[in-house]
Amino acid sequence: MDHEMIYIYDGSFDGFLCCVFDSYANKEVLTAICRDEDFIPTLFASRVVNTDKSHANRVFKKVVKVSPYAGNLLQKGFLTCMPDKEIHLYRLVVKLLRDGSGFLRNFSDETLFPVITAVRRLNGEAHLLKGFVRFSELGGVLGSEIEPKNRVLPVLRSHFCARYMNDTFFIYDRTHKEALFYAAGKSVICPLEDFQMAPPDETEAAYRILWKRFYDTIAIKERYNPKCRMRNMPKRYWNTMTEFQGDSYFKAQSSPAAVPGPAAPDGIPAPGTHPECGPSAPGSGS
């Protein structure tokens, strides 16, 4: 008879796969999978699962053998901010190994639906950020910050590394405290708990002013439609976009006062107030 159990793991994708491995090895049915820092002691049976790379590889290879598509869902699903994502992904693997891949064609399937919905939101957010990321030039390095709900850096990695293959750049994810670094054809995503973007020099401040002036200039006063703007450029992304920043963002390091960024006479200036950030996604390791 299978026993019900709560597993506690290290928050990594390999650690999650080891939870799947141990549940089969010990014939235990999982009712919850928690990161060690999020676990709250209960009266239910629980234990810590150690991460073993060989066990993780065996589980993932088995999943991909049954369905490469399911392997992709598993990887991307782990990057999402879906509530209780680990138990949803665990149930997806259990159903896949028990019944085969047929249910993956039924998007209304109760096991598949929450996972595929979360992955679609991840992909949608990554797609928007391909256009919403704003880089600053900092001593020969391009730098930017984002505040996504999902862990989008692994999804954005190939796009920006191909687009800026001859540059050195980084993208810092404020929500999940990690950064993508790229230089000389190599990239890495690392945890980065504390980060503060350097202030701009005179040249970078001038470019920021030019971008804001361009944004304000191309606006057509007679066709001002804030609802349309928020549909195409959701407000929760404004906090890291140059055109929506206040005067301090345009102040050069050596300048004693904020550099003005005037709009065109008939333009519609971007709002100077910062919106509140959306809810943070649950952190996860890679």
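A salt bridge is counted here when a side-chain nitrogen of Lys or Arg lies within 4 Å of a carboxyl oxygen of Asp or Glu. Side chains of opposite charge can pair when their charged atoms come close. The structure is a predicted model, in which local features need pLDDT of at least 70 and side-chain atom pairs count only at pLDDT 80 or more, while totals for chains, interfaces and linings use all residues. Residues are numbered from 1 along each chain as its sequence is written, and side-chain values use heavy atoms, with hydrogens and water left out.

The structure contains 12 salt bridges. One of them joins Arg98 to Asp99, with 3.1 Å between the closest N and O atoms. Arg98 is exposed, at a relative accessible area of 58%, and Asp99 is partly exposed at 47% (buried means under 20% relative accessible area, exposed over 50%, partly exposed in between, with a 1.4 Å probe and protein chains only).

Arg174 and Glu145 also meet through their side chains, at 3.1 Å from N to O. This pair links distant parts of the chain, 29 residues apart: Arg174 sits in the loop between strand S6 (169-173) and strand S7 (178-183), and Glu145 in strand S5 (residues 141-146). Helices (H or I, at least four residues) and strands (E, at least two) are DSSP runs, numbered from the N terminus. Arg174 is partly exposed at 26%, whereas Glu145 is buried at 14%.

Salt bridges with shared partners join Asp22, Glu28 and Arg47 into one network. Within it, the closest N and O atoms of Arg47 and Asp22 are 3.7 Å apart. Arg47 belongs to strand S3 (residues 46-48) and Asp22 to helix H1 (residues 13-25), so their pairing ties together parts 25 residues apart in sequence.
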